[in-house]
Amino acid sequence: MSTLRNRTAAVELLGPGLLIVAVGLVATRVSQANELYFLNALVAVSMVVAVYVFVGNSGVLSFGQISFVAVGGFASGVMTIPVESKSGVLPDLFPILRDHTLGNVSSLVLAALVGGVLALVLGLPLMRLSGLAAGIATFAVLEITHNVLREWTKIGPGATTLSLIPESSGPTQPVIGALVVMAIAYGYQRSRLGRMLRASREDAAAAEAVGVNVHRQRLWAFTLSGALAGFAGGLYVHMLGSITADSVYLELTFLTLAMLVFGGATSLWGAVLGALVVSGLDSFLSQAEQGVNVGVKLDLPQGTTLIILGTIMATMLILRPSGITGGREFSLPRVRRPAARRPPATPERTAP
Amino acid sequence: MNALGAPVLATINAQVVVDAIGLGATYALMAVGIGLVFGILRLVNFAYGQLIMAGAYTLAYTSSWPVAWSIVACFGVVIALSLLMERAVFRPLREQSPTVMLVTTFAISFVLQSIALLIDIRDGQIGEPAPSLTSLNVPISIDGVDVRKVTIVAVLVAIGALGALALLLGRTEIGLRTRAAAADFRTARLLGVKANQVIGLAVVLSGALAATVAVILTVQTPFVTPDFALHDTIIVLVGVVVGGIDRLWTATLGGFAIGFVSGIVNGALPTDSTVYLPSVVFALVILVLLLRPAGLFVRGRTSVVDRV
C-alpha cells in the first residue's frame, strides 16, 4: 500500500519536475536574447506554485501574494548589491542595510524569511475573514507593500529602478529554485496540514465539524506561500538583475492568477503547466507586438497581449473553471497491461 | 485629548472635512453600484472601475459636444457596456462560485484596460484630456471654506441617488422583486420573479451609477488614462468588505467611510508623508478587520465558514 502511494508521489512529482528540467535544458540551447524568455518562464513557475500553495489548497482567492514576491525581491536585491556601489545608488539606505552584503544563496534564504514573516503578520487579521471578503482584503496587502516599496528610500530604491544586482547566469538557479519550490509545495499538500486545508476547501463546515481549525490552517498556508513567494522574488531579481516596485504589482498579480487558473488552480501540475504555457504565450505575444515572422509577418499593436491573455483567462473560467489539467495531478496515461491478468503468484512470494 | 491627538486634530479643519465628505460621497456611489449587483448575483465586479473609465473616455472624446449631450453619451456608453458585460460574462458565470466570478471580472478588467489603451494610443500618446466639465471644479467660498462645485454636486447626487434607490427598492413592485432576489435568488425565481428582469434592472442602475461617478471623477481629474478609476475601485472594494458586503446599506456605508477616512487622513498627515496615504488607510482597514471581521457596520457575528 505504502509503495503504491510512494509510486504515485514519484510520478506526480516526476512529470512537472522533468518538464522544468527540460525547459532549463532548452534554455541553454537557444540564443542569448531568447534565453531570457525561458528563464522568465522558470521563475514564473516558482511564483505560480507559491501562489498555488495558498490559493489552490485553501480555495480562498488572494490578490496579495505578489507583494511577498516584491518584498523578497527587494530584500534579496538590496542585500546582494556590493557595499562599495550601494552608497552611490542607494544613498538614503539604513546603515545596517548599507554596510552589509550577502551571498546569492543566503539572500534567497533571507527573501523567503522576510516573505514568510510578513505573510504571517498580515495573515493573522486577514485569515479571520470568510472566503470572498478575505480575497478582496488581500488587496490591502498588495497596496501597502507597493506603496511602501515605492516611497520609502531608507529600505530600497523608491520609485526608481533597483539595478546592479549580481545576476545568476544561465538556467541553473531558476531550475533548481523551481524544483525546490515545487518539492516543498508537494510535501506540504501531502502532509497532515495540507490535507486538513484541502478538506476545508471542499467543505469548510464539514472540515470544522471534524476538528479542523480552518482559520489556523489557512494561516499556515498563507505563511508558507508568502515564504515561497519571497524566495521566488529572490530568483526573479537575480535572473533580471533589476527590479522596480511597479514591475511586481497589479499586472504580475493578474499574470500569475491567469497562469494558475489556466493550468488548473487545484493541482500542483496545473500550476506548473499553466505557468509554462501562459508565459510561453506571453513571450510570443510580446514579441509579436514588436513584429515577428512566423511564416507570415505578425505585427500586433501594443496592448494586445493583455487582451488575448485576459480573454483566454475569462473564457477558461467560464467554460472550464478547473483549467487544462482539470485540477488533477500529473499521471501517466493508463495502459491496460496484459500482466494484470496473470495469476497473483509473484517471484518474491515463492522465494524464501 | 491626549498629547498625540491634539496636533493631529489641529490640522483637520472644515476644509479637510468638506473634501473628505465629497470623496466619501463619490465612493459611496461606487459602493452602491458594486453592492447592487453583488446582492443579486453574488458577483463582485472588479471590472466596475473600467465602466467608469469607459464613461470618462466618452466624456473626453465628446468634449467638443455640448456638455449635456456629452453626459448623455457617457451614460449611454456605460449602460450599454454594463449590459454587454452582464450578457457576455455574468450570465454564463451564474452557476459558478463567487471566487471564480471575481477572478473572471479581474481578467475582464485587464481586457478592458488594454482595449482602452489600443483606442487611446492611436494619437501616439497615452491619456486624453477631458476639459469640458472643468468649470465645475471651480471652488466657491462659503464662510472661508473653499467648496468646489463638484463636491456639492457629488454630495447632492449621492443623496439623491440613494434616496431614489431606497424608494425604488422599498416602494415599487420591481423593487420588491429585486429585494426578494437579493435575499434568496433561487426561491424568488421559483415564486415567479423573472431573473433576467431583476438582474437587468440591477445592472442598468449599477451602470447609471458608474456613469455618474465617471462624470464626477472626470471633473476632478480631467485627464483620462486606461487605469482611470482602477485604484478607486480597489479602495471601494476593500471599503465595501470592511463595511459588510452582504447588505447594500452596510456596503454603502463602508464605501463612504473609506472615502471619508482617506480624506481626513490625507489632511491629518504631515505634508512630507502624504505619499504614505494608501498605507495608512489600508493599515486602518486591517486593524478594523482584526476587530470586526464580519464588517464594521454589521450587527452580530458570522463565522469564518459560510454555509450556503
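A: A residue is called buried if 20 or more other C-beta atoms, placed from the backbone, lie within 10 Å of its own, exposed if 12 or fewer do, and partly exposed in between. The model is predicted: local features need pLDDT of at least 70 and side-chain atom pairs count only at pLDDT 80 or more, while totals for chains, interfaces and linings use all residues. Residues are numbered from 1 along each chain as its sequence is written, and chains are lettered from A and ligands numbered from 1 in the order in which they are written.

Q: Is B:Ala229 buried or exposed?

A: B:Ala229 has 26 other C-beta atoms within 10 Å, so B:Ala229 is buried. This residue lies in the loop that links strand S4 (223–224) to helix H10 (230–243) of chain B. Although B:Ala229 is not a glycine, its phi is positive, near 70°.

Q: Where is A:Leu164 found, and how many C-beta neighbours does A:Leu164 have inside 10 Å?

A: A:Leu164 sits in the loop between H7 and helix H8 (172–190) of chain A. Its 17 C-beta neighbours inside 10 Å make A:Leu164 partly exposed. A:Leu164 also has a positive phi, about 65°, without being a glycine.

Q: How many helices and strands does chain B have, and what is its radius of gyration?

A: Helices (H or I, at least four residues) and strands (E, at least two) are DSSP runs, numbered from the N terminus. Chain B has 12 helices and 4 strands. The radius of gyration is taken over C-alpha atoms, and the globule rule is 2.2 Å times the number of residues to the power 0.38. For the 308 residues of chain B the rule gives 19 Å, and the radius of gyration is 20 Å, so chain B is as compact as a globular protein of that length. Its C-alpha atoms fill a box of roughly 60 × 50 × 35 Å along the principal axes, and 47% of its residues are buried.

Q: Which residues of H4(B) are buried?

A: An α-helix has 3.6 residues a turn, so residues three or four places apart point the same way. In H4(B) the buried residues include B:Ser70, B:Cys74, B:Val77, B:Leu81 and B:Met85. Among the elements that cover the buried residues of H4(B) are H14 of chain A and helix H2 (14–41) of chain B.

Q: How many residues of chain A are in contact with chain B?

A: Two residues are in contact if their C-beta atoms, placed from the backbone, lie within 7 Å. Here 40 residues of chain A contact 42 residues of chain B. H7(A) gives the largest share of the chain A side, 13 residues.

Q: How do strands S2 and S3 of chain B pair?

A: Two strands pair if DSSP finds at least two bridges between them. Strand S2 (residues 139–142) and strand S3 (residues 145–148) of chain B pair in the antiparallel sense over 4 bridges. B:Ser141 stands opposite B:Asp146 in S3(B). The two strands form a hairpin with 2 residues between them, and B:Asp143 in the turn has a positive phi of about 55°.
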